[in-house]
Amino acid sequence: MMAIPLAGALALLLPRDRFLSTGLAVRRFGAFASGATLLVAVAALNAFDYADPSAVQLGVDREWAPAIGLRFHLGVDGISLPLVALTALLTFLCFLHLLRHVPDGGDVRLLTALLLVLEVGLLGTFTSLDLVLFFVFFEVVLIPMYAVIMLWGGPGRRAAAYKFVLYTLLGSGLLLAGMLLVAVDAGTLDMTELAARHGAGLTHGMQVTAFALMGLGFAVKAPMWPLHTWLPDAHTEAPTVGSVLLAGVLLKMGTYGLVRVAVPLAPDGAAFWAPWLALLAVIGIVYGALACLGQRDLKRMIAYSSVGHMGFVLLGIATLTPVGVNAALFGNIAHGLVTGLLFFLAGAVKERWGTYDLDALGGGMLATAPRLASVLTFASVASLGLPGLAGFWGELMALIGAYRPAPDLPRTAFLIFLAVAALGAVLTAAYFLRMLSTITHGRPDPAAPPRAPAVTVQEYAAWIPLVALTLLIGLWPKTLLDVTTAPVRALLGGG
């Protein structure tokens, strides 16, 4: 799965030839490479044994640097499989979008190669089972996203790209220190073996320190308040495809790392820091919602909404219960689908009206662009957590997990966190409904054209799969929960 986009990226480094001499040919090549990767991901979904989702399957385990115990160890279980599929899908949809909508900036050949390298890093992060290999892929993602923001971003792209890279490098340093602290003391880098031990052999103080270091590293990527400040700028300045992948998949690296690495490797540290993690999560939920209420820029509002939604994911992890961690994994996928769709739609709005400013957009989009406005309404109500759509279940389960956290955690504090998070959910509905009332309803601006350009075939192709999957897991959450429940129980030591 990783070999195909890697080979595609390397092919684009070769001298130009008659087959890839035009921008359209390069974009078609990118769509072909990412489509082939998606087909392999679909084959993996088909080959996966759903009767035993907690087992590592479809694995590759080869010697990498035997002198220091490094192995090229890859595999998936029920925790990582949905994120692998989401990564392959969103990358392919981004290339479909690029077939018609090319951002201003550098060479499209370079953009295509960077997106393929980005896909390699993301897939590697979600399938790595060796700590050093995990860290390598975790870092591979950094440079292509930095370049995408820097070369194809908006007017403030330079500052946004610098902030993105500085924050993530700082987080990566802390993450590496925490992982090596555990690995050196445990005598192994194998993530499956370390998870099976559930912290056995590591002192309480060691686990508390290691979880703090790893947790901070992952929290930067999540992003957790107050380490989130790189996110709104990066989202606002990135081109549409960059924003989709940043929100849809890159943020999940942080929360996936907490679930895959930090919690099972240092469970005592997780229990010690869980109340603080929950506190910062609910602050992020309310802060994100209030920040959205204060925004007059559509794309920046969607960016700040990610702070609140990922707060629910972090709250679920902090409960250290199967319900809460399942909520986090469900919320990861739901947020990737819905917010990815929202950023596609924000890009479509900018291309037609030339602005993200809510006041400049005015009202009446249902009259001037009815199909675009209808999909925007659907994505907004999915994001605010309407029952029957994907966004509902992750938030509800996170609240249920906070109502009954792990026995060693302070229940009174978590009940307070539950109440604050529920307030944040109400505020989320408020800012999305305000946005819809501002730009989709009301009377159109008399000076505006009576009809906006029609939705293109490429836009429909990028949007419809996300709409369909949002409905599927919203109406049948069992589709996803059956895959994640068993491995979550095993991860938490419940067998």
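**Exercise 1. Peptide bonds and backbone angles**

Where is the place of Pro226?

Solution. The model is a predicted one, in which local features need pLDDT of at least 70 and side-chain atom pairs count only at pLDDT 80 or more, while totals for chains, interfaces and linings use all residues. Residues are numbered from 1 along each chain as its sequence is written, and side-chain values use heavy atoms, with hydrogens and water left out.

Step 1. Pro226 lies in the loop between α9 and α10; helices here are DSSP runs of H or I with at least four residues, strands are runs of E with at least two, and both are numbered from the N terminus.

Step 2. A cis peptide bond joins Ala222 to Pro223, with omega about -5 degrees.

Step 3. Most peptide bonds are trans, and most residues other than glycine have a negative phi. Leu58, in strand β1, has a positive phi of about 55 degrees although it is not a glycine. Leu58 counts as partly exposed because its relative accessibility is 45%; buried means under 20% relative accessible area, exposed over 50%, and partly exposed in between (1.4 Å probe, protein chains only).

Step 4. Leu320 has a positive phi as well, near 55 degrees. Leu320 is placed in the loop between α13 (298-318) and α14 (322-353) and is buried, with a relative accessible area of 17%.

**Exercise 2. The hairpin**

Determine how strands β1 and β2 pair.

Solution. Step 1. β1 (residues 57-65) and β2 (residues 70-76) pair in the antiparallel sense over six bridges; pairing requires that DSSP finds at least two bridges between two strands.

**Exercise 3. Aromatic rings**

Classify the aromatic pair formed by Phe138 and Phe218.

Solution. Step 1. The structure holds 13 aromatic pairs. Rings of Phe, Tyr and Trp (its six-membered ring) pair if their centres lie within 6.5 Å; planes under 30 degrees apart count as stacked, over 60 as edge-to-face and the rest as tilted.

Step 1. For Phe138 and Phe218 the centres are 5.9 Å apart and the planes make 75 degrees, an edge-to-face pair.

Step 2. This pair links distant parts of the chain, with Phe138 in helix α5 (residues 131-140) and Phe218 in helix α9 (residues 204-221), 80 residues apart. Phe138 counts as buried at 1% relative accessibility, and Phe218 counts as buried at 0%.

Step 3. Contrast this with Phe414 and Phe417: their centres are 5.4 Å apart and their planes at 75 degrees, so this pair is edge-to-face. Phe414 and Phe417 both lie in helix α19 (residues 411-439), three residues apart, about one turn of the helix. Both Phe414 and Phe417 are buried.

Step 4. Ring pairs also link Phe134, Phe138 and Phe218 into a cluster.
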